[in-house]
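The following report concerns the arrangement of strands and nonpolar cores in the model shown below.

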Amino acid sequence: MLKLLFSVLFLFSIYTNSFAAIGCSLDDPDRDVKRLFPESSGYLTKFITLKELGGQALQSEIEEKLGDKFDAVYEDLDVSYVYYTILKGKDPIGYIHGVNQKGKFGVLQIVIATDLKEKIISFYYQRISSPEVSKFRANEFTGQFKGLTLADFYRYNVLENKLSDGPVVKIIDYSVNSPEDFRATLRGIKKDLILLDYFLHGAGK
Amino acid sequence: MKILTVAFKNLQRKKIRTFLTIGGVAIAVAVLVSLMGFDTGYQKSLTNDIDKMGYQVLVTAKGCPYEAATLMLKGGGGLRYMEQSVFDKIAKDPRIERISPQLAATEFDKDRQNGQGGIILYMGVSNSYLELKPWSKFKSGQWFSSDDADEVIIGYEAAELEQRVAGDQIFIPNLNKVLKVVGIFERTGTQDDGIMFIPLATAQRIFDLPGKLTGIGIKLKDIGSLGDFEESLYNEPGIQVISMAQVKGTIFNLVSSSKVMTNSVAIIAILIAVIGVVNTILMSVFERTKEIGVMKAIGASRLDIFHIIWLETTLICVLGGFFGEIIAILGTSLVEHIIRQTLPYAPAGKLVIITPVLLLGSFLGAVIMGLIAGIYPAFRASSMRPVEAIRSGD
């Protein structure tokens, strides 16, 4: 009788554990913070939604700055964002913030670490699904974002995918068949920096 | 009415003691209602889950009965397969109304579940799948464009969690394969909500399992022929036949065994509550010995005293029963959460169903409990001799 039971129960049980919710938080904050900021001694975590911060009006403001409309599935007003303030002793030394961005093959989880002036210290994909994943995750590609700021990304037109002058124009897409994911990455990082700016300095700045 | 007022006022004189005693009864009733609600809810949800599988018989390859554990331990491997020829042979049986072949295949994705990795289950199905499950409707998109298209249809829950919409593409890293999402199913409230469906031929091709199946779902024209049908399949080599009725019975039997345990806990809780009530009222009676003596001396009959004490006990149990039911109703979500965390498999749907009949029954049970628990203290109080009672009270 147990034979019957287990044979069928596996059909049920395996499915229930197959999927887990996608979030913008770090997979393992203790490990990830130490890796990105080796000199850190701790961190503060803050959860925030655009609904709490300013609602639809704020979303429209951010969309204008981003240069693109938010995606109804990925960028809902209720999405809970998380940012981490990294501490050395009692003093903050930087921030970590991640966003979900729709990629060609599903979600791209884009995480950036910045200094106090919100300049990118490090960028990596926490999650990416692509045949060219190794090219996107390579230091050769992600390292190009080091030192960039929101001001640099304001020169990137997301909707038209046009780059004017500035350091962002120099970023090389090493992928062969994934220009969509390259564009999604630029959009995701721009969104990440805009949101972080709002979270740190408040709406209406 | 006067007796009721006296009984109520007596209880109010020792508020904390009364409150704690009512609390004890309330907890016992809440436990009882929750357990009985779980019994009803679990059976209903499980029956619904099994019925919504759409078939009465599942044929699988003969093999390790602990496939679930094997699957987990091997990180998605360890499934047993049978040849498609078995399906072709069984499909000719005239007793069958609908039949659907399936091929389950798993892939490990290291990025899932916050970087801990997780298994994705792909289910290869044919067009007959929708005939077995006519309640499956599309939230968006449609069925596969062909029998071997590189396409996927996603269950409602999986699509929500993976944030997928029709038109998206899915990349399977280990197979280096790209599939197009052509449809999202509406919520069915079953395990199908978490599955990625692909055409059977596609599944056999991309997972390199040509002509292989993991299961065959069968619905018979006449459920009465189930026994004969199963009997005829037992002679087929390499397969095992699982009747959903048997599975349901087996699970219910297992649940019944554990129910004996949980019901014992509920009975013990009720017994403790009853003893607590008897003890409280008895203490109250002893404390009021002189008072009872005076009441008798000024004309109260034995029956009057009996009624007052009996009513006090019953009031405690009535109030305990009432609050216990409120606790049970308010705590349903919490109980469900705990059960889902504890049980290895919990069916979809409500696990704890508290019906009006259950509430009424439990309430009446609490009243009867009060009536029984009150007999002895009421008898003791009514049996006191006035003179002795007044003297001992001094």
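In this predicted model, Met196(B) is in contact, apart from its neighbours within four places in sequence, with Ile120(B), Leu121(B), Tyr122(B), Met123(B), Val152(B), Ile154(B) and Ala158(B). Ile154(B), one of these contacts, is also linked to Met196(B) through strand pairing: Met196(B) is the bridge partner of Ile154(B) in β9(B).

The strand β6(B) spans residues 151–154 of chain B. Glu151(B) and Ile153(B) point to one side of β6(B), while Val152(B) and Ile154(B) point to the other, and all of them are buried. In a regular strand, side chains alternate between the two faces of the sheet. The pairings of β6(B) are set out in the table.

| Partner strand of β6(B) | Residues | Direction | Bridges | A bridge pair |
|---|---|---|---|---|
| β8(B) | 177–185 | parallel | four | Glu151(B) with Lys180(B) |
| β9(B) | 196–199 | antiparallel | two | Ile154(B) with Met196(B) |

Which residues touch the most other members of the largest nonpolar core? Within this core of 96 residues, they are Val25(B), Val152(B) and Met196(B). Helix α2 of chain B, residues 15–51, supplies the largest share, 14 residues. At least three residues of the core come from each of two domains of chain B, namely domain 1 (2–49 + 251–393) and domain 2 (63–237). In soluble globular proteins, nonpolar side chains tend to be buried together.

Among the contacts in chain A with a separation of 6 or more, 63% are between residues 24 or more positions apart.

Elsewhere in chain B, Asn174(B) lies in the loop that connects β7 (169–172) to β8. Is Asn174(B) buried or exposed? Asn174(B) counts as exposed because 10 other C-beta atoms lie within 10 Å, and the cut-off for an exposed residue is 12 or fewer. From Asn174(B) to Phe108(B) the C-alpha to C-alpha distance is 8.1 Å, although the two residues are 66 apart in sequence.

Conventions
Residues numbered from 1 in each chain as written. Chains lettered and ligands numbered in written order. Predicted model: local features only at pLDDT ≥ 70, side-chain atom pairs only at ≥ 80, totals over all residues. Contact = placed C-beta atoms within 7 Å. Buried ≥ 20, exposed ≤ 12 C-beta atoms within 10 Å, placed from the backbone. Pairing = 2+ DSSP bridges. Core = buried A, V, L, I, M, F, W, Y, C linked by C-beta atoms within 7 Å. Domains from an automatic or database assignment.
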